[in-house]
Amino acid sequence: MSDESGTQDIPAGSTVGGPRPEPIRFFGTAWVDHDNGYALRRVGAATGSLAAAVASCLILRFAYEGLQIADTGSFVTVLVIAMFAICSALAFHTTWDGFGRRPDPDRQASLRGLLAIGFVGSLLAYFFRSLIEAPGEKLHREEYEAARREHEKRDARRTGNPSKQKRRR
């Protein structure tokens, strides 16, 4: 697999016609030609992520009610609400940016806890992106097209078997 584009490198002389597209979660490679139920998959991804976000908000509502029953005080309640709101906003932003460029693995590792707390923001980012395209499709399409162009340039330069060419002196 190529490190830069994430597409499969095809060895010279293979019968396959170039780099293969990288599959996207829930979509496979249907995003390339928008076939194999692509529209239905987008509707399913949008519906599923929105349903998960709504269910998550209901669970957070129960947690809020638990704080009210425990009578922890307004300071703790405000801190918990602010924590979930800020973490959700940051998770939304991080997830949304991740659809347009490859995330830095070290940064992702350091943000793992924040993203776990702000899971509602990640789900909402996935929902809104599913309304536009398959989440990550733009990034994958740019990388795939660049790999295809590179393959075509490389293929155009090759003419015949290099070992049979006459040597120049």
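This is a predicted model: local features need pLDDT of at least 70, side-chain atom pairs count only at pLDDT 80 or more; totals for chains, interfaces and linings use all residues.
**Entry: Asp 97 and Arg 101**

Asp 97 is partly exposed, at a relative accessible area of 26%. I then looked up the partner of its side chain. Asp 97 and Arg 101 meet through their side chains in a salt bridge, with 3.6 Å from N to O. I noted the general principle beside this pair: side chains of opposite charge can pair when their charged atoms come close.

**Entry: further salt bridges**

How many salt bridges does the structure hold? I found six.

I next recorded the pair formed by Glu 133 and Arg 129. Their side chains meet in a salt bridge at 3.2 Å, N to O. Are these two residues buried or exposed? Glu 133 is buried, with a relative accessible area of 13%. Arg 129 is buried as well, its value being 9%. Both residues count as buried because their values, 13% for Glu 133 and 9% for Arg 129, lie under the 20% cut-off.

I then turned to Arg 141, which forms a salt bridge with Glu 137; the closest N and O atoms are 2.9 Å apart. Where do the two residues stand relative to each other in helix α6? Arg 141 and Glu 137 are four residues apart in that helix, so about one helical turn separates them. I looked up the exposure of each partner. Arg 141 is partly exposed, with a relative accessible area of 24%, whereas Glu 137 is buried at 4%.

**Entry: a network of charged residues**

Which residues are linked in a network of salt bridges? I listed Glu 22, Arg 102 and Glu 143. Glu 143 is buried, with a relative accessible area of 10%. Its side chain also makes a polar contact with the side chain of Arg 102, at 2.8 Å.

**Entry: the largest pocket**

The largest pocket holds about 620 Å³ of space. Its lining consists of 21 residues, and those closest to its centre are Arg 25, Thr 95, Gly 98, Phe 99 and Tyr 126.

Which helices each supply at least two residues of the lining? I recorded α2 (74-98), α5 (119-132) and α6 (137-157). Helix α5 gives the largest share, four residues. I also sorted the lining by residue type: 10 residues are nonpolar, eight are polar and three are charged.

**Entry: the chain as a whole**

I stepped back to the secondary structure. The chain has six helices and zero strands, and its pattern along the sequence reads α-α-α-α-α-α. What percentage of the 169 residues counts as buried? I noted 30%.

Leu 90 is found in helix α2. At 39% relative accessibility, Leu 90 counts as partly exposed, because this class lies between the limits of 20% and 50%.

**Entry: positive phi values**

Asn 36 has a phi near 55°, a positive value in a residue other than glycine. Where is Asn 36 placed? I found Asn 36 in the segment before α1 (38-70). Asn 36 counts as exposed, at 59% relative accessibility.

Asp 71 also has a positive phi, of about 55°, although it is not a glycine. I placed Asp 71 in the loop between α1 and α2. Is Asp 71 buried or exposed? Asp 71 is exposed, with a relative accessible area of 65%. I classed both residues as exposed because the values of 59% for Asn 36 and 65% for Asp 71 are over 50%.

Technical notes:
Residues are numbered from 1 along each chain as its sequence is written. Side-chain values use heavy atoms; hydrogens and water are left out. On a 1 Å grid over the protein atoms alone, a cavity is a set of points where a 1.4 Å probe fits but cannot get out, and a pocket is an open set with protein on both sides within 12 Å along at least five of seven lines; lining residues have an atom within 4 Å of a point. Grid points are joined across faces, edges and corners, and a volume is the space filled by probe spheres set on the points. Ala, Val, Leu, Ile, Met, Phe, Trp, Tyr, Cys and Pro count as nonpolar, Asp, Glu, Lys and Arg as charged, and the others, Gly among them, as polar. A salt bridge is a side-chain nitrogen of Lys or Arg within 4 Å of a carboxyl oxygen of Asp or Glu. Buried means under 20% relative accessible area, exposed over 50%, partly exposed in between (1.4 Å probe, protein chains only). A polar contact is a pair of N or O atoms within 3.5 Å; within protein, one must be able to donate a hydrogen and the other to accept it, and residues adjacent in sequence count only if both atoms are side-chain atoms.
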